[in-house]
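Please open the structure in a viewer and keep the selection tool at hand.

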Amino acid sequence: MHDISQYQDFFIDYLKKQDIHKEPGNLYEPIEYILGLGGKRIRPVLTLMASEVFDTTYKTALPAAMAVEVFHNFSLVHDDIMDDAPLRRGQITVHEKWNLNTGILSGDAMLILAYQYFEQYEPTVFRDLAKLFSKTALEVCEGQQWDVDFEERNNVTITEYLKMIEYKTAVLVAAAMKMGAIVAKTSEKEADLIYDFGLNLGLAFQLQDDYLDAFGDPETFGKQVGGDIIENKKTYLYIKALEFSTPEKADELQKLFSIQLEDNSDKIEKAKAIFNESGASKATQETIEMYTLKAFETLKKMEISQEKKNVLRTFGENLMDRKV
């Protein structure tokens, strides 16, 4: 197996060789733009890594990894439209750089392009990949809808929130790993176990993303810090702060999350203060660790070498400690 930076390099080399520049330019240029913005490439790296966990060269998994990355970026383009986000990975979002209609249509094209990469596999592998991909894509849409719905509700529970991030984020991380297993033609049991590993890691990843949205460094995070607060998103931080706060502080937080302002700097700072004072920040970090450790427990059940388990564990530890 290779280290994470090598898998990233392998994938980026493959990405650069893809002929995405076609006509009409206004459809394909935004696709090239969003795919070229960088990012951590976590999901395709997981696909490549998983294939080698099950003794198949990463090269076999490159088309599946590309499908995962194209789909992920499709979801980001549409998410940014729905959130009216100005920045993605520190750069202008697609709908801001071009326009709303272009963002919608280029995103649609990316979803179709993602499926086309599976055509490079033999029929049985294609079938299994497409079946998992369709299930995952629908779950991501369901998760996104819950996310939108929660913005209008004041009674979102922790259970509801965790289900939302499982569908919106974690299932794609899990599917990325299982696709590597499918390409490697491993057993159904092992493929399901690595899916569970990815699912718990994905939950930890999204909770860490929520935490960094409030408390991350603007220079390294790549997105607008405080974006969830501006959008009145009922994150784990928010729900736990309501649970732990005094009635007065809970009321203050609810009022902050019921308004839209031109200048949100004061709103962000007040919300962050309540997150810290209530213990919600600490509770979020503890839950991130819990899901990471749950992923590590799954590794113990897998019939792979200890060396490979260590590689997967190191990846999970790095995710838990990330700043971006």
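At what angle do helix 13 and helix 14 pack, and how far apart are their axes? Select residues 247-256 for helix 13 and residues 265-278 for helix 14. In this predicted model, the two helices pack at an angle of about 145°, and their axes are 10 Å apart. Their crossing is left-handed.

Next, display the side chains at this contact. Helix 13 contributes Lys-249, Glu-252, Leu-253 and Leu-256. These meet Lys-267, Lys-270, Ala-271, Ile-274, Phe-275 and Glu-277 of helix 14. By class, the residues of this contact comprise five nonpolar and five charged, with no polar ones.

Now centre the view on Met-66. Residues up to four places away in sequence being set aside, Met-66 touches Phe-11, Tyr-14, Leu-15, Gln-18, Ile-20, Leu-35 and Tyr-117.

The tour then turns to aromatic rings. The structure holds twelve aromatic pairs. Select Phe-71 and Phe-74 for one of them: the ring centres lie 5.4 Å apart and the planes stand at 50°, so this pair is tilted. Both residues belong to helix 4 (residues 58-83), where they are three residues apart, about one turn of the helix.

For another tilted pair, move to Tyr-211 and Phe-215, whose rings are 5.0 Å apart centre to centre with 35° between the planes. Helix 9 (residues 188-215) holds both residues, four residues apart, which is again about one turn of the helix. Here the two partners fall on either side of the 20% limit for burial: Tyr-211, at 17% relative accessibility, counts as buried, whereas Phe-215, at 23%, counts as partly exposed.

Methods. Residues numbered from 1 in each chain as written. Predicted model: local features only at pLDDT ≥ 70, side-chain atom pairs only at ≥ 80, totals over all residues. Heavy atoms only, no water. Axes fitted to C-alpha atoms, helices over the stretch in contact; angles between N-to-C directions. Left-handed = near helix turned anticlockwise from the far one by under 90°. Contact = heavy atoms within 4.5 Å. Nonpolar A, V, L, I, M, F, W, Y, C, P; charged D, E, K, R; others polar. Phe/Tyr/Trp six-rings, centres within 6.5 Å; stacked < 30°, edge-to-face > 60°. Buried < 20%, exposed > 50% of the residue type's maximum accessible area, 1.4 Å probe, protein only.
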